[in-house]
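Subject: Handover of a structure for your attention

Dear colleague,

Please find below the structure that I am handing over to you. My notes on what was found in it follow.

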Amino acid sequence: MASSLRASGLWVLERESGGGGWRGNGLDWWEEIDESEKWQQGIFWALCAAYASISFVAFVQLIRIQLRVPEYGWTTQKVFHLMNFIVNGLRAVLFGLYKDVFTIRPKALEMMLLDLPSLLFFSTYTLLVLFWAEIYYQARSLPVDKLRPSYYTVNAVVYFIQVCIWMYVRISRSPISIEVAKIFFSAVSFIAALGFLVYGGRLFVMLRRFPIESRGRQKKLNEVGFVTAICCTCFLIRCFVVALSAFDKDAELDVLDHPILNLIYYTLVEILPSALVLFILRKLPPKRISDQYHPIR
């Protein structure tokens, strides 16, 4: 790699000048870790363990909800935890098999394996946007019959375009096609962040207008505010980093020799947000519920 050659050249120059080691730009430790197989293994397996833990927590929570309200079918809350279980479980498998995944060919297949969990993550958390939009519209006595079809339509369009991009990458085998794929997913992440900002923000403002003595007002206010801030931030970070990686090879993700970047990126955009949101939404529904029960608590 070019970065490896640059690092080696820098080391040689400093050895010749009596420097005695890697000093250079102060980031040589980063490159040393990136090029170490032991560090790569440790970091990617740590990511595997983190994702597996979150997947297990989501699965346990799903079972607890089912045992609490078995008379209800697939509520929004149950689907949300099921999708969290699938997304994080799939990530755990991919990082557990990182050597095989990051070197698989053709490139389109590698992209498909690595992008699919990101798409499922998008669908999982925009489900919260849908839920909040339904609450907001119901509270304002607005029609909600078009919200759920809109959610399905948006997701179907995103998946269809992504499949077309994978096919384009496979056929063209051009670096430009990979850049197009990254820019598209950056735009999708921005749309998700915007959705949280709009509907999470609207619901937050609406709850603030409720009387202070309203039962559960402050708890719901904190819940909506924290989840909105967490999800909006993680999707904005994903938007920026993915767009940057499209034009800067040093910021490229999902490669063997960028383990630190992968650790920071996936911790900020998926692991930490998922853990925090699952903790915030950990409350189980009451055993006896009314017809006005809203699944996600």
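Not counting residues up to four places away in sequence, which residues does L207 touch? They are R217, K220, L221 and V224, where contact means heavy atoms within 4.5 Å.

Before I go further, please note that this is a predicted model, in which local features need pLDDT of at least 70 and side-chain atom pairs count only at pLDDT 80 or more, while totals for chains, interfaces and linings use all residues. Residues are numbered from 1 along each chain as its sequence is written, and side-chain values use heavy atoms, with hydrogens and water left out.

Overall composition

The protein chain has ten helices and zero strands; both are DSSP runs numbered from the N terminus, with helices being H or I of at least four residues and strands being E of at least two. Of the 297 residues in the protein chain, 44% are buried. Here buried means under 20% relative accessible area, exposed means over 50%, and partly exposed lies in between, with a 1.4 Å probe and protein chains only. Among contacts in the protein chain between residues at least 6 apart in sequence, 72% join residues at least 24 apart.

To return to L207, this residue belongs to helix α8 and counts as buried because its relative accessibility is 10%. Its C-alpha atom is 6.7 Å from that of R217, ten residues away along the chain.

The nonpolar core

A nonpolar core is a set of buried Ala, Val, Leu, Ile, Met, Phe, Trp, Tyr and Cys residues joined through side-chain atoms within 4.5 Å. The largest one holds 70 residues, and those touching the most other members are F80, F95, Y125, L128, F196, F235 and V277. At least two residues of this core come from each of α3, α4, α5 (98–102), α6, α7 (147–172), α8 (175–208), α9 (217–247) and α10 (259–280). The helix that gives the most is α6, with 17 residues.

Helix α6 covers residues 107–139, 33 residues in total, and reaches 48 Å from its first C-alpha to its last, close to the 48 Å expected at 1.5 Å a residue. The expected span is 1.5 Å times one less than the number of residues. At D115, α6 bends by about 30°, and a proline, P117, follows within four residues; the bend is the angle between axes fitted to the seven residues ending at a residue and the seven starting there. After α6 comes S141, whose phi is positive, near 55°.

Helix α7 has 26 residues and reaches 37 Å from its first C-alpha to its last, close to the 38 Å expected at 1.5 Å a residue. Its buried residues are L147, Y151, N155, V158, Q162, I165, W166 and V169, and what covers them includes α6 and α8. Just after α7, R173 takes a positive phi of about 55°.

Aromatic rings

Rings of Phe, Tyr and Trp (its six-membered ring) pair if their centres lie within 6.5 Å; planes under 30 degrees apart count as stacked, over 60 as edge-to-face and the rest as tilted. By this rule there are 13 aromatic pairs. One of them joins Y51 and F95, whose ring centres are 5.8 Å apart with planes at 10°, so the pair is stacked. The pair links distant parts of the chain, with Y51 in helix α3 (residues 37–68) and F95 in helix α4 (residues 76–96), 44 residues apart. Both Y51 and F95 are buried. Leaving aside neighbours within four places in sequence, F95 is in contact with F44, W45, L47, C48, Y51, F102 and Y266.

W45, also named among those contacts, lies in helix α3 and is partly exposed, with a relative accessible area of 46%. Elsewhere, ring pairs link F80, F121, Y125, W132, F196 and F235 into a cluster.

A charge sits over a ring if NZ of Lys or CZ of Arg is within 6 Å of the ring centre and within 35 degrees of the ring normal. The charged end of R202 sits over the ring of Y199, 5.5 Å from its centre, and that of R282 over the ring of F279, 4.1 Å from its centre.

Yours sincerely
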